[in-house]
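Dear colleague,

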Amino acid sequence: TITLGGNRHIDAPTNLKVGTLILNIIQDGTGGRTLTWDTVFKWPAGVPPVLTSTGSRKDIFSFICDGTYLYGLFLPDVR
């Protein structure tokens with residue numbers, strides 16, 4: 001779980017292993033924070049999702065890892 005206090009870049013993780021991962025991203029009280037992703041993250045149609053911009057809101061990402069890439073799915077504004 002990460003609470004954003006500013007715009008951030010998600011770097012490529014080290015020592016990737018085959019499996020699934022869940023990442024909770026929460027906007028701080030200000031909101032409007034953005035994420036950019038390393039190229040190891042792959043998205044449907046090659047388009048990274050846009051975070052919910054409202055303060056204190058949560059987006060959930062799930063990833064399937066093949067040991068090289070992380071294939072992402074996105075659940076926006078989970079309440």
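Ile64 has its place in strand β6, where strands (E, at least two residues) and helices (H or I, at least four) are DSSP runs numbered from the N terminus. Please keep in mind that this is a predicted model, in which local features need pLDDT of at least 70 and side-chain atom pairs count only at pLDDT 80 or more, while totals for chains, interfaces and linings use all residues. Residues are numbered from 1 along each chain as its sequence is written, and side-chain values use heavy atoms, with hydrogens and water left out.

Strand β6 (residues 58–65) runs antiparallel to β7 over 7 bridges, two strands being paired if DSSP finds at least two bridges between them, and Lys58 has Val78 in β7 as its bridge partner. The hairpin of β6 and β7 has 4 residues between the strands, and in this hairpin Gly67 takes a positive phi near 95°.

On its parallel side, β7 (residues 70–78) pairs with β5 (residues 41–42) over 2 bridges, and Lys42 stands opposite Tyr71 of β7.

Taken together, 5 strands form an open sheet of mixed pairing, in the order β1-β3-β6-β7-β5. Because β1 (2–4) and β5 stand at the edges with a single partner strand each, one side of each is left without a neighbour in the sheet.

With kind regards
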